[in-house]
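User: I have a chain open on my screen and would like to talk through its packing. Could you take me through it?

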Amino acid sequence: MFSCPQKGFLQARIEVDESRLRALDPGIDIAATRAHLASIPAICTGGSQGGTIGKLSRRERFDWLVAPRSTIIQTSKVHTGRCTDPTTLLEHLLNTMVRLPQSPTN
């Protein structure tokens, strides 16, 4: 999830690697996990698709999403920084922190 109040940007991208999840918990309910994770980008986007929370202001939605809680899905602590292009930075974070490195093709 990435937020840039100055640019009116609040977005989350979710990618699920089922084999990695099953390595952590062989009995995980993938469908339920996907459903819970799908709520995060919907809340970021806002509006009725984000339910009651989606109707809050962008800042309130961000604060709600990053609040520490004991639930199935937990976000990491908030890290601050600056950028000029939040969409590009979000893609960079996915590539470096979420996705597995791609093997070079011969």
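User: What do the buried residues of H2 pack against?
Analyst: This is a predicted model. In it, the buried residues of H2 pack against strand S2 (9–11), helix H1 (18–24), helix H3 (51–54) and H4.

User: And which residues of H2 are the buried ones?
Analyst: They are Ile30, Thr33, Leu37, Ile40, Ala42, Ile43 and Cys44.

User: How many residues does H2 have, and how far does it reach?
Analyst: H2 has 16 residues, and 23 Å separates its first C-alpha from its last. That span is close to the 22 Å expected at 1.5 Å a residue.

User: Let us take the contact with H4. At what angle do H2 and H4 pack?
Analyst: Helix H2 (residues 30–45) and helix H4 (residues 58–66) pack at about 160°, and their axes are 9 Å apart. Angles over 145 degrees count as roughly antiparallel, so H2 is roughly antiparallel to H4.

User: Why do you quote both an angle and a distance?
Analyst: Because two packed helices are described by the angle between their axes together with the distance between those axes.

User: Which residues meet there?
Analyst: From H2, the residues are Ile40, Ile43, Cys44 and Thr45. They meet Arg61, Trp64 and Leu65 of H4.

User: How do the residues of that contact divide into nonpolar, polar and charged?
Analyst: The contact of H2 with H4 comprises 5 nonpolar residues, 1 polar residue and 1 charged residue.

User: Back to isoleucine 30. Is it buried or exposed?
Analyst: Isoleucine 30, which lies in helix H2, has a relative accessibility of 9% and therefore counts as buried.

User: What does isoleucine 30 touch?
Analyst: If residues up to four places away in sequence are not counted, isoleucine 30 touches Glu18, Leu21 and Arg22.

User: Where is isoleucine 30 relative to leucine 94?
Analyst: The two residues are 64 residues apart along the chain, and their C-alpha atoms are separated by 20 Å.

User: A change of topic: how many aromatic pairs does the structure hold?
Analyst: The structure holds 1 aromatic pair. Phenylalanine 2 and phenylalanine 9 form this pair, with 6.0 Å from centre to centre and 70° between the planes. The arrangement is edge-to-face.

User: Are those two phenylalanines buried or exposed?
Analyst: Phenylalanine 2 has a relative accessibility of 13%, so it counts as buried. Phenylalanine 9 is buried as well, with a relative accessible area of 11%.

User: What about leucine 89; which residues is it in contact with?
Analyst: Leaving aside neighbours within four places in sequence, leucine 89 is in contact with Phe2 and Cys83. Leucine 89 is found in helix H5 (residues 86–97). Leucine 89 and phenylalanine 2 are 87 residues apart in sequence, and their C-alpha atoms are 8.6 Å apart in space.

User: Is leucine 89 buried or partly exposed?
Analyst: Leucine 89 counts as partly exposed, because its relative accessibility is 25% and buried means under 20%.

User: Now the whole chain, please. How many helices and strands are there?
Analyst: The chain has 5 helices and 2 strands. From the N terminus on, the elements run β-β-α-α-α-α-α.

User: How much of the chain is buried, and what box do the C-alpha atoms fill?
Analyst: Of the 106 residues, 23% count as buried. Along the principal axes, the C-alpha atoms fill a box of roughly 45 × 35 × 25 Å.

User: What share of the contacts comes from residues 24 or more positions apart?
Analyst: Such residues account for 51% of the contacts in the chain with a separation of 6 or more.

Definitions and conventions
Residues numbered from 1 in each chain as written. Predicted model: local features only at pLDDT ≥ 70, side-chain atom pairs only at ≥ 80, totals over all residues. Heavy atoms only, no water. Axes fitted to C-alpha atoms, helices over the stretch in contact; angles between N-to-C directions. Helix = DSSP H or I, 4+ residues; strand = E, 2+ residues; numbered from the N terminus. Parallel < 35°, antiparallel > 145°, perpendicular 65-115°, else oblique. Contact = heavy atoms within 4.5 Å. Nonpolar A, V, L, I, M, F, W, Y, C, P; charged D, E, K, R; others polar. Phe/Tyr/Trp six-rings, centres within 6.5 Å; stacked < 30°, edge-to-face > 60°. Buried < 20%, exposed > 50% of the residue type's maximum accessible area, 1.4 Å probe, protein only. Expected span 1.5 Å × (residues − 1).
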